[in-house]
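Take a look at the sequence and the structure below. The report that follows walks through a few of the features.

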Amino acid sequence: CSSRQNPQDFHEAPHKLSSIKKVIGVVSGKGGVGKSMTSALMAVEMRRRGYGVGILDADITGPSIPKLFGIHGRAMGDENGIWPIESRMGIDVMSINLLLEHEEDPVVWRGPVIAGAVKQFWQDVIWKDVDFLFVDMPPGTGDVPLTVFQTLPVDGIIVVASPQELVSMIVGKAVKMAQMMNIPILGVVENMSYVECPDCGKQIKVFGESHVDEVAAKYNIPVLAKCPIDPKLAECADQGLIEVYGGQYLNAAADAVQALLK
Ligand code: ADP
């Protein structure tokens, strides 16, 4: 006999015009480690593979998805619901920044209001023909991400961490949260793992040796990628041109996501 309730019981239904096959949550222990970057690059890779893709920017207090794609417009609503904005490649994006009058306006909301906004992004936004909806989660494993997980039927989680963090603790917390929700962890993406010398190609471990392999082995989850700090990536991101970035570091992560459809 288990006292754990079935989390499926709590999930909200998406908009009646939405068609979403798989929902992938991208989580991190704290801000600034590259969670949004990973969400965006994963979406781009799945789009390149020919899938219908959406990104739900649930990082309400630090929304950075629209900027990565160079999207500055206002999302339109009509009697049916709210329509996401399409990126150049045809990725559907919804973010609080697309609803604010001025995108620089800070969002100073308390947890339940933030969770309510994410719920609306799920219930009131029309996600048409989306094979993979990437959810850029609020950072951490606190109340807000937990509520989001209870609202959305997440099919798999990708954990993003950087080598300078206490990776063991972050992965451990993510694993516990995922177990509580009965959601599989697809694996860990280590970001900012090294810098490659442009002259000799040597990898410099700016933040010291990585512990991600041993931590992942401890929890029996795969390491999906070790992404370098790449000035080209930062440049593309700053210019809103994430879709033209050519790095292929997330291929294994994309394979793991693609496998969810089989
Ligand atoms: P988070 O979503 O975890 O808060 P972001 O994805 O917004 O973090 O990344 C934080 C900053 O670091 C951004 O300015 C981004 O452009 C930069 N960044 C992230 N990953 C890399 C990388 N691998 N190479 C270069 N810059 C990166």
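V33 sits in the loop between β1 and α1. This is a predicted model: local features need pLDDT of at least 70, side-chain atom pairs count only at pLDDT 80 or more, and totals for chains, interfaces and linings use all residues. Residues are numbered from 1 along each chain as its sequence is written. Helices (H or I, at least four residues) and strands (E, at least two) are DSSP runs, numbered from the N terminus.

G29 also lies in the loop between β1 (20-28) and α1. A residue is buried if 20 or more other C-beta atoms lie within 10 Å of its own, exposed if 12 or fewer, and partly exposed in between; the C-beta atoms are placed from the backbone. V33 has 22 such neighbours, so V33 counts as buried. K16 belongs to the segment before β1. The table sets out the counts.

| Residue | C-beta neighbours inside 10 Å | Class |
|---|---|---|
| G29 | 22 neighbours | buried |
| V33 | 22 neighbours | buried |
| K16 | 9 neighbours | exposed |

The UniProt record, an unreviewed entry, places a "binding site" at G29, K30, G31, G32, V33, G34, K35 and S36. Its positions are given in the numbering used here, feature names are shortened, and annotations may be inferred rather than shown by experiment.

## Around the ligand

How many residues surround the ligand? There are 18, and the closest are G34, K35, S36, M37 and A237. A residue counts here if its C-beta atom, placed from the backbone, lies within 6 Å of the molecule. Helices α1 (35-48) and α7 (231-238) each supply at least two residues of this shell. By class, the shell has 8 nonpolar, 8 polar and 2 charged residues. Nonpolar means Ala, Val, Leu, Ile, Met, Phe, Trp, Tyr, Cys and Pro; charged means Asp, Glu, Lys and Arg; the others, Gly among them, are polar.

## Strand β2

Strand β2 covers residues 53-57. Of its 5 residues, 5 are buried, so β2 is largely enclosed by the rest of the structure. Both faces are covered: V53, I55 and D57 are buried on one side, G54 and L56 on the other.

Two strands pair if DSSP finds at least two bridges between them. β2 pairs with β5 (residues 130-136) in the parallel sense, over 5 bridges. There, G54 stands opposite L133. β2 also runs parallel to β4 (residues 92-94), joined by 3 bridges. In β4, M94 is the bridge partner of L56.
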